[in-house]
Amino acid sequence: MKIVGIAACTSGIAHTYIAKEKLVTAAKELGHEAHIETQGTIGTEDALTKAEIEAADVVIIAADIKIGGRERFKDKKVVEVPTSMVIKAPKKLLQTIEQKLNN
Amino acid sequence: MNEVLDITKVLDKKLITTDLKSTTKKGAIEELSELLETENYLTNKQQFIDDVLLREEEGVTGIGNGIAIPHGKSEGVQQTTIVIGKTDHLIEWGSLDDEPINVIIMFAVKKTDATTTHIKLLQKVAIMLADDQFLESLRKAQTKEELFELILKKNGGK
């Protein structure tokens, strides 16, 4: 799968970045490709490009707060989860999404 | 990385203890805040503690594997840093895996941190914490030197 996503947590200090790293690592290990934008206390980093979003099979929004730029995903399949789910079981999440996409 | 970030800017050996006495979450946060105050990282200890506890109410900060990462962005912080505490007993914390913890990595963030450098460094520490093997080695470390070296090494290896 080609995955794009957003990570954002309440204070934008820790969970945001742990969630991103876990998603990217799990995706790599499962043979997927993931680009994750972070919206943290120092603003947006690794912003998704239009091309990345267009090419993506799925958008994962791992957030505990309202994220910015949601309209970018209006024609995409969007999965919304709290950061805790990504931190706890990133592979399981990706496997579930993959299954759903294939059905 | 085109910017060289020195992790020791947010990692002070004096802010690592392997001898945390508290048996409760609140107690441990207070004990670590005490250490921050002693080493002159806080301007207002009570305010910092309140901000950390406020964040705790918003969701669990135990990330599994016996590690907790309480954090506060607070006007009570003089200088952004991390403080690390280990206990030889388990503390009920509220974790993603529902298990108690014995390593606390607390992030103290200055409310008006004009430069993003320190926050970038905290980010690097957060990213390290996405690695379960690294968490395991933090739990096994016996001394503050070991903890310090583990983080330095992990940072260098990235």
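**Entry 1: the core**

I began with the largest nonpolar core, which has 70 residues. A nonpolar core here is a set of buried Ala, Val, Leu, Ile, Met, Phe, Trp, Tyr and Cys residues joined through C-beta atoms within 7 Å. A residue is buried if 20 or more other C-beta atoms lie within 10 Å of its own, exposed if 12 or fewer, and partly exposed in between, with C-beta atoms placed from the backbone. The residues with the most contacts inside this core are A:Leu23, B:Ile82 and B:Leu122. Its largest share, eight residues, comes from β6(B). In soluble globular proteins, nonpolar side chains tend to be buried together.

Before going on, I noted that this is a predicted model, in which local features need pLDDT of at least 70, side-chain atom pairs count only at pLDDT 80 or more, and totals for chains, interfaces and linings use all residues. Residues are numbered from 1 along each chain as its sequence is written, while chains are lettered from A and ligands numbered from 1 in the order in which they are written.

Which residues is B:Ile82 in contact with, leaving aside its neighbours within four places in sequence? I found B:Val10, B:Leu11, B:Leu15, B:Ile105, B:Met106, B:Phe107, B:Leu122 and B:Val125. Contact means that the C-beta atoms of two residues, placed from the backbone, lie within 7 Å.

**Entry 2: chain B as a whole**

I listed five helices and six strands in chain B. Helices (H or I, at least four residues) and strands (E, at least two) are DSSP runs, numbered from the N terminus. From the N terminus on, the order is β-α-α-β-β-β-β-β-α-α-α.

I then looked up the radius of gyration, taken over C-alpha atoms, and the globule rule, 2.2 Å times the number of residues to the power 0.38. Chain B has 14 Å, which agrees with the value near 15 Å that a compact globule of 158 residues would have. Its C-alpha atoms fill a box of roughly 40 × 35 × 25 Å along the principal axes. Of the 158 residues in chain B, 44% are buried. Among contacts in chain B with a separation of 6 or more, 71% are between residues 24 or more positions apart.

Opposite B:His71 I found B:Phe107 in β6(B).

Most residues other than glycine have a negative phi. B:Asn40 has a positive phi of about 65 degrees, although it is not a glycine. B:Asn40 sits in the loop between α1 (25–38) and α2 (45–57) of chain B, and it counts as exposed because it has 9 C-beta neighbours inside 10 Å. B:Asn65 also has a positive phi, of about 60 degrees. I placed B:Asn65 in the loop between β2 and β3 (67–68) of chain B; with 19 C-beta neighbours inside 10 Å, B:Asn65 counts as partly exposed.

**Entry 3: where the chains touch**

How many residues does each chain give to the contact? Chain B gives 20 residues and chain A gives 15 residues. On the side of chain B that touches chain A, the elements giving two or more residues are β2 (62–64), β4 (71–74), β6 (101–110) and α3 (117–128) of chain B. The largest share of that side, five residues, comes from α3(B).

**Entry 4: chain A**

I counted four helices and five strands in chain A, in the pattern β-α-β-β-α-β-β-α-α. The radius of gyration of chain A is 12 Å, close to the 13 Å from the globule rule for 103 residues, so chain A is as compact as a globular protein of that length. Buried residues make up 41% of chain A.

The sheet is open, with five strands in the order β3-β2-β1-β4-β5 (chain A) and mixed pairing. Its edge strands, each pairing on one side only, are β3 (43–45) and β5 (78–81) of chain A. Strands β1 (residues 2–8) and β2 (residues 33–40) of chain A run parallel, joined by six bridges. A:Lys2 stands opposite A:Glu33 in β2(A).

Last, I looked up A:Lys92, in helix α4 (residues 90–102) of chain A. A:Lys92 counts as exposed, with 11 C-beta neighbours inside 10 Å. A:Lys92 and A:Ala26 are 66 residues apart in sequence and 9.1 Å apart in space, C-alpha to C-alpha.

Key:
Pairing = 2+ DSSP bridges.
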